[in-house]
Amino acid sequence: MEYTIVENRYVGEDMYYMKIAGKFEAKMGQFFMLRAWDKYPLLSRPISIYNIDEEGISFLYKVVGEGTRILSNLEEGEGITLQGPYGNGFEKVEGKVALVGGGVGIAPLYMVAQNIEHCDCYLGFNKESIMTEDFEEVCDNVFTTVGDTFITDIINAEKYDYILACGPTPMMKKLISMTENTDTRIQVSLENRMACGVGACLVCTCKTNSGNKKTCKDGPVFWGEDVIL
């Protein structure tokens, strides 16, 4: 279905914030397939939901190829096709909760933060911190790292009952290892490359302790003790 873009701006770190007018419903951690072209590129682009409010839906995405480059050049008033929501998102948890995001992996965590009563947030960036003001409005505490200091260097995983994370695979692998032999449980949202978005093509297959799973359909969120990174 085609919708209208009301905002599309550069926010730093090769990332853009796009807002689209309309009425939407989705669970935290799900994604939509976005498309604003006819034949090429062949595939739509899977983008995590940043936020949903009364005015519409917003996405935070990084330019990494032709599809996202086209998205970044769209202007207010132009049309865009959305399909979704897809995937299994984060399960809501209670207790002491930490959200951990690296790079564009911060995108799905803002919606999570709005749906958890109390949480701390850890955000890691390469060159500059972005969108931190949004997180400061909904999180108890926000911690950031930029450059050579990794976000996993400043978090005490055992301090929390749950960690909800999204970011580069090495970051999430490290977080999972930090929760081993502790009472802390972790959910991770994988950033595997996707194609169809509905589990038909098997491009996004990931390994789990119960066999291969489709990231787009069975995930993208998995419990850390189940997924093999």
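Let me start with L82. Setting aside neighbours within four places in sequence, L82 is in contact with M1, Y3, I20, F24, F32, M33, L34, I57 and F59; contact here means heavy atoms within 4.5 Å. A word on the basis: this is a predicted model, in which local features need pLDDT of at least 70 and side-chain atom pairs count only at pLDDT 80 or more, while totals for chains, interfaces and linings use all residues. Residues are numbered from 1 along each chain as its sequence is written, and side-chain values use heavy atoms, with hydrogens and water left out.

Back to L82. Together with I20 and L99, L82 touches the most other members of the largest nonpolar core, which has 48 residues. By nonpolar core I mean a set of buried Ala, Val, Leu, Ile, Met, Phe, Trp, Tyr and Cys residues joined through side-chain atoms within 4.5 Å. Buried is under 20% relative accessible area, exposed is over 50%, and partly exposed is in between, with a 1.4 Å probe and protein chains only. At least three residues of this core come from each of domain 1 (2-86) and domain 2 (90-189). Another core, of 19 residues, lies apart from it and includes I151, A165, M172 and V188.

Now the whole protein. There are four helices and 15 strands, taken as DSSP runs numbered from the N terminus: H or I of at least four residues for helices, E of at least two for strands. The radius of gyration is 17 Å, close to the 17 Å from the globule rule for 229 residues, so the protein is as compact as a globular protein of that length. That radius is taken over C-alpha atoms, and the rule is 2.2 Å times the number of residues to the power 0.38. Of the 229 residues, 49% count as buried.

The domains are domain 1 (2-86), domain 2 (90-189) and domain 3 (192-228), with bounds from an automatic or database domain assignment. The C-alpha centres of domain 2 and domain 3 lie 21 Å apart. Their contact takes ten residues from domain 2 and seven residues from domain 3.

Next, the annotations. An unreviewed UniProt entry gives "binding site" for R45, P46, I47, S48, G67 and T68; positions are in the numbering used here, feature names are shortened, and annotations may be inferred rather than shown by experiment. The lining of the largest pocket includes R45, P46, I47, S48, G67 and T68. A pocket is found on a 1 Å grid over the protein atoms alone, as an open set of points where a 1.4 Å probe fits, with protein on both sides within 12 Å along at least five of seven lines; lining residues have an atom within 4 Å of a point.

Are R45 and I47 buried or partly exposed? R45, in strand 4 (residues 45-53), is partly exposed at 22% relative accessible area. I47, also placed in strand 4, is buried at 7%. Beyond four places in sequence, R45 touches F32, M33, L34, W37, G67 and T68, and I47 is in contact with F31, F32, L34, F59, L60 and Y61.

Last, the cysteines. For "binding site", the unreviewed UniProt entry also lists C196, C201, C204 and C216. They span 21 residues in sequence, yet no two of their C-alpha atoms are more than 10.2 Å apart, so they gather at one spot. C201 lies in the loop between strand 11 (185-189) and strand 12 (205-208) and is partly exposed at 34%. C204 is placed in the loop between strand 11 and strand 12, and is buried at 3%.
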